[in-house]
Amino acid sequence: MFFCFLLLLFFVNSCKLDDLDFSKLSDKMGLNSEFVAPVAKANITVWDLVQSANKKNYDLVTKDANGLLKIVYKKDGLFKYNVREFLKFPVKQSFSSGDKVLGEISPGDISISRNITLNDLANSLGGAIAGLVAFDGKKAPFPAITHNGSNVGYSLSGIDDFTSITVSKGSLETVIENKLKVKVTISGSLYDLQYNRKITDFTFADIAPNGTAIKSVNMGGVQLSNKIEFRMLTFETSGSAFSPIDVNMKDYFKMSFNMKDMGMSQGNVMVKSQSLTNVGGAFGFVFPEADLKAFNAALKKGSLTIKTKNTSKLTGTIDLTLTEIKKNGTPVKASIPLNGNSTTIDLTGADINFAADPNVPYNRIPYAYSVQVNNTSGYIDYSAADLICLDVTLDNLEFKSILGDFGKRVIQIDPGVFDMNVDMFNKIDGGFILSNPELKLIIQNSIGVPASVSLDFMATNKAGQAVSLNPPIFDIPVPSSVNAGAAIGNIIFNKENSRIVDLVALPPTGKISYKGQVDFNQTKHTISPQNPNFLDLDATFDIGMALELPLELQVKNLTFKDTTGISGNDFDKLESAELIVNALNGIPLDVDMQLSFVDTISKKQYGASKISKVFKAAQVNNSGVITPSQSVQTFGLDKNDIENLGKANGLVFNGTVSSSASGETVAKILSDSRLEMKVVIKSKVNL
Amino acid sequence: MKNIFLKLLLFSLIFIAGLATVSAQESSTLQFMKGVPQSDLQNPALHNDSSLVVVGLPGLSGLYYDFNSGFAINDLIHKGTGALSDSLVLDINGFHNSLKTTNTLEQHLTIPLFYLGIRNKKSFYSFGVSDKAVAQFSFSKSFVTFLKDGNAPYMGENFDLGNIGVNAFHYREFALGYSNELIKDKLTVGLKAKILYGKFAMQTERLNLNVETAADGSYLNLKSDMKINFSAPITVEYDSDGYFSGMNGDNVNKNDYYFERGNMGIAIDLGAVYKLTPKITLTGSIVDLGKISFKNNVHNLSHVSTYKWDGIDFSKSVGDTAAADYVSPSDLVDDEMEKFKNSFKPQKNEFNSDAFGMSIPMKIYLGGTYKINDKLDIGLLDRLYKNGDFSQNTVALSANAMFGNFFSLTGSYSMIGGSYDNLGLGIAIRMGFAQLYLVNDNVLALADLAKAEFVNFRFGVNFLFGRKQKVKKVEEL
C-alpha cells in the first residue's frame with residue numbers, strides 16, 4: 001500500500017496535466033464550416049402581402065373587379081354643412097280677415113193660401129152667384145158671372161217668420177187652382193195691409209175646371225210685412241151654358257202665394273238656423289328671407305289660434321276652413337263661436353300649400369269661412385251690413401321641410417387642411433407615376449336646390465413642393481324629391497380633368513389644404529311649384545373624399561427604406577452569408593436591396609452591402625399580358641459586411657423598385673399576381 | 001472545475017488499482033514478467049510464478065483499465081499559438097487530419113472479485129470471479145468531415161456521415177482454469193472455461209446517417225437507419241402518441257442487477273507453452289473466445305427515418321390573420337419542430353424484445369522468450385486483439401529481470417496499433433506472502449495523457465503461498 005502511494009505520488013507529480021486543464025479551453029475552435037439550408041418558402045399572392053402589411057388598416061388597399069390593387073385613402077366629412085342654416089323660418093305669424101259684412105239672411109220659404117168657395121163668392125159678390133145657393137146640391141145650370149169693380153178682399157193666414165223685412169231676393173209665386181165646375185177668369189192682387197200697398201197683381205184667364213195656373217214675380221227690393229191679404233178685382237165665368245151641373249156651394253178655387261228663395265237685407269225676423277255667408281281669402285305668409293317664395297311646407301309642430309269679432313245679434317259659429325293647411329290630407333277646420341272666444345288647433349304634422357292662389361302662387365294661405373247662425377227664439381233686428389272679423393295666429397312653428405324658390409344662395413367651404421399620413425408614402429422616395437389616379441368627392445346632398453361646387457386641393461410633400469389639383473367646377477347630385485332622402489353621387493377628378501397625376505407623384509407626404517364654395521340656383525332653369533327647390537331641415541350636406549390610387553404605375557428607382565433593430569452579437573460567429581432567393585415572380589417589379597449597418601443612437605453608418613437584385617420583374621408585353629420571371633438571385637454579405645454587422649445595432653433595408661424594362665413600362669399590380677420563392681441561406685461560420 | 005474533476009478521476013482509478021491483486025488482462029508487458037502469476041490471464045498454460053497457492057481477495061484483487069483510440073486528445077485539444085499560446089484550442093482541422101476512415105475508442109475495465117490458484121505437481125487449478133466492462137465507440141471520419149466542412153461543398157450530393165457504433169457491456173466472469181505439463185520440461189497446455197453472466201449490454205448493429213443537400217440548396221434530406229440492441233433493467237416509456245419518451249431506471253434493484261443470471265454466455269481460453277530449447281520458449285494462446293446471449297431485459301430498436309427539410313412554408317402565414325386557414329409563423333415553426341422530432345423519434349412498434357448475442361473481445365497471443373541468464377530474459381510477443389469489427393495488433397519487446405526472489409522488473413517497448421512510442425514498465429515487489437505489482441505498457445502516456453492514444457495500467461496485490469520451493473523448480477525448467 002505504501003508502495004502504491006509512492007507510485008501515486010510519482011505519477012501525480014510527473015503527470016503533465018496542463019493539456020487537460022479545460023478551464024483554459026478557448027472559445028475558438030478554428031472551425032470554418034459552411035452550411036447551406038433552406039430557410040423558407042412561400043407561394044403567395046400580392047393580395048396576401050398587402051393584407052399582411054396592412055394589418056392596422058385593411059381598408060387602405062382594395063382591389064377592383066379585375067384584381068388591380070388600389071390604395072384608397074378616405075376622408076369622410078371633409079365638409080359638413082348644417083342645413084338648418086340654409087334658410088331662416090319664422091316661428092309666429094299673425095293674420096286678420098278684416099271686417100266682413102254678414103250679408104243677407106234668409107227668412108225661409110213662406111207659403112200662404114186661401115180656398116174661396118162659392119159661398120164666399122156669394123157672400124162677397126152677391127148677384128147671380130148668390131142665386132146658386134138655392135140650387136146647392138142640385139143640378140142646375142151655372143150662370144155666367146162677371147164681377148168687375150171693387151176689390152174684394154179675402155184674408156190670408158199670418159206670416160210668423162218675420163214682422164217686417166226688406167226682401168233682397170226671392171220670388172212670389174201666385175197659384176190658382178180651379179175646383180169650380182166652370183171656367184173662370186180671375187184678376188186680383190196681394191196686398192200688404194201694414195204698408196198699405198199692393199205687393200203684386202195678377203190675372204188668370206179662362207182657367208178650366210180643375211185647372212191650375214201659376215204666375216211668378218220677383219220680390220227683390222220689396223218691403224214686406226207679415227199682414228197681407230188677397231184682393232180679387234175681377235171674377236168672370238161664362239157659366240155652364242145652360243147645361244145643368246151639380247151645384248155645390250162648397251166648391252172653390254184656391255189661391256196660394258209662395259215666397260221662395262227669400263233673402264232679406266234687414267228686418268225684424270225670427271232667424272232660422274242657416275249658413276249665412278261664405279267668405280274666402282288668403283293670408284300672406286312672411287319669411288325672413290325676402291326672396292324666398294314658398295310653395296309648400298311641412299310642419300313638425302305649430303298651433304293655429306282664431307278669434308272672431310261680431311257686430312250682429314246673431315249667434316252661431318264661424319266655420320273656418322284653411323283649405324291649404326292639411327293634416328293627414330284633410331284641410332284644417334275650426335268652428336269659432338261668434339261670441340268672441342278663441343279656438344286653437346294643433347298643427348303638428350300639417351302641410352301648408354302656399355301656392356294655391358293662382359295670382360300669387362307662393363307665400364299665401366287661403367282661407368274660407370261660413371257663418372253658421374242659430375235659430376233665434378224670438379224676433380231680432382238684423383242688418384246685412386253687420387260685420388264680423390277673424391284674427392288668425394300661427395304660433396310655435398317648427399318647419400320640417402319646405403318647397404319653393406329659394407333664390408340664389410352661396411355656402412362657403414371654409415379652408416381646411418388634413419394630413420394623409422399614408423405610411424407607404426412616408427417610406428418611399430423617388431419617382432413614380434401612377435397611370436390612373438382618381439380623386440373622388442363623395443357627395444351626400446339632401447338640399448333640393450341645383451348647385452355647383454368649386455373646390456380646390458393643394459398638396460405638398462416633405463420637400464415643400466406643392467401641386468394644386470385644379471379641378472373643374474361641378475354640379476352636385478340633387479335628390480328627386482323632398483322625401484327621396486339624400487342624393488349620393490361621386491364627382492371624379494382624374495387625369496383628364498385635373499392635375500391628379502402630378503399631385504400623387506409628389507408624393508403628398510405633407511399637408512393637403514382645400515377651400516371652395518357651393519353656389520345654389522345659379523342656373524337659369526325655372527323654379528316653379530312643379531319644379532321647386534326643396535329642403536328638409538333634417539337634411540344633410542356632406543362632402544367626403546376618397547383618393548383612389550390604382551397601382552398601375554411606372555416606377556424607376558423608387559426607393560424605400562425600413563430600419564429594424566438587431567444585436568450585432570448575434571453575428572459574431574459568422575464569417576460570411578449568402579441569401580439565395582429562387583423566385584418565380586409574377587409581379588412586374590424589379591426589387592434590388594442593399595443593407596446598411598448603422599448605430600441607431602449615434603446615426604453612424606458602419607458600412608453597407610453591395611446592391612443586389614432580389615426579384616426580377618415579370619415581363620409585360622404590349623397587350624399587358626404578364627409573364628412571370630424565374631430567377632435565382634444571391635444577396636451576399638462578405639467578411640467585411642459581417643464585421644460591420646457585428647458593430648451595428650440597426651439594420652437598414654434600402655430597397656429600390658423599378659417596373660420592368662428599367663422602369664420604362666407601366667406595371668399593373670394585380671392582387672392575384674403570384675410570387676413563388678424559396679429562400680436558401682448559405683453561411684460560413686467562424687467558430 | 002473540469003481540471004479538478006479529471007484529476008479526481010485519475011486519482012480514483014489509481015486508488016482502486018492499488019487494491020487489486022489479480023486479473024490483469026491485456027498488458028503486453030505482463031506476459032513474460034517474472035514472478036507475477038497474472039500471466040495465466042493471457043495464457044492458461046503460462047505460470048510465471050511457482051507459488052503453490054495464489055489468492056486474490058475481494059477489494060484487494062486489483063484493477064485493470066485501458067483506453068485505446070486511434071487519436072489522442074492532443075489531436076483535438078492542444079495549446080494554441082500566438083495570442084492563444086496560454087490557452088487550449090479546439091482544433092477540428094487537426095483532429096480531422098489525424099482520423100482514419102473508421103475510428104474507434106475503446107475502454108476496458110476489469111475488477112477482480114476473487115481468485116484462487118492451486119498448484120499440484122504438474123497441474124495448476126484456478127478459479128476466479130471478475131467483473132468486466134467493455135465500451136467501444138466508433139465513428140467514421142466523414143462525420144467529422146461534415147462538421148468541419150459543412151454541407152455547402154456537397155450540394156447536389158448524398159453525403160454519408162458513416163456509421164456510428166456504440167457497443168458496451170458489463171458481465172461477470174466465472175473462470176475455471178486447468179493447466180498440465182504434458183511433456184515434462186517441454187510442453188504445457190492450459191485451458192480455462194468461463195461462464196459469463198451479462199448485466200448490461202448495448203449493441204449497435206447499425207447507426208447510419210445521411211444528409212442529402214439539393215444542388216440549389218432548396219432542401220435537405222436527413223436519413224437515419226439504426227438497429228440497436230440493449231439489455232438493461234430499465235423501462236422504455238412512450239408518450240400518448242406512442243412515441244419513445246425516455247427510459248426509466250427508477251425501479252432498478254441493485255441486487256437484481258448484480259446477481260442477474262438470465263444473460264448467460266461462455267468463453268474459453270486455450271494456451272500452450274513449448275520450450276524449444278533450454279533458452280528459447282514459445283508461447284501461444286487464444287483468450288476469451290466466446291459470447292454472451294442477452295435474453296433478459298432486452299430491448300431492440302429498429303428505426304429508419306427520413307426527414308425532408310425544404311424551409312418553412314409561409315404561404316398561409318402571409319395574409320389575412322382572420323382567414324380560416326391562417327397559421328401564425330410561430331405555430332408553423334412549432335409544427336415543423338414537432339414533425340422533425342417525430343421523424344427521428346422511435347415509435348412503440350419499432351421496439352422488440354429479441355435476444356441478441358455479444359461476442360467478447362478475443363485475444364490471440366504468440367510469443368517467445370530468450371533466456372539471457374537466470375535473472376534476465378528477453379521476450380517478444382505479438383498480440384492480436386479483436387472486438388467486433390475492430391482489431392488491433394500489438395508487438396512488444398520486453399526485457400524481464402528478477403532480482404533476488406522479491407523484486408521483478410520488466411521494461412518493454414510496444415507497437416500498439418499505429419502507436420510506436422509505447423515504453424512499458426512492470427514492477428513487482430514481494431513482501432512476505434504479499435506481492436504488490438504495477439504494470440503499464442505506456443509510461444510516457446502517463447506523463448502526457450493528452451498525447452496518448454493508448455493508456456493502460458494494472459495494479460494489484462497477490463497473496464502467494466509456497467513459492468520458495470517452486471522458484472527452484474521453475475529455474476530448473
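User: Is D335(B) buried, exposed or partly exposed, and which relative accessible area does it have?
Analyst: In this predicted model, D335(B) is partly exposed because its relative accessible area is 48%, where buried means under 20%, exposed over 50% and partly exposed in between (1.4 Å probe, protein chains only).

User: Where is D335(B) placed?
Analyst: D335(B) sits in helix α6 (residues 329-344) of chain B, with helices taken as DSSP runs of H or I of at least four residues and strands as runs of E of at least two, numbered from the N terminus.

User: What about numbering and confidence limits?
Analyst: Residues are numbered from 1 along each chain as its sequence is written, and chains are lettered from A. Local features need pLDDT of at least 70 and side-chain atom pairs count only at pLDDT 80 or more, while totals for chains, interfaces and linings use all residues, and side-chain values use heavy atoms, without hydrogens and water.

User: Switching to rings, how many aromatic pairs are there over all chains?
Analyst: The whole structure holds 46 aromatic pairs over all chains, a pair being rings of Phe, Tyr or Trp (its six-membered ring) with centres within 6.5 Å, called stacked for planes under 30 degrees apart, edge-to-face over 60 and tilted for the rest. One of them is F86(A) with F406(A), edge-to-face at 6.3 Å centre to centre and 70 degrees between the planes.

User: Which parts of the chain does that pair link?
Analyst: F86(A) lies in the loop between β3 (69-81) and β4 (93-96), and F406(A) in the loop between β25 (387-405) and β26 (409-419) of chain A, 320 residues apart.

User: Are those two buried or exposed?
Analyst: Both F86(A) and F406(A) are buried.
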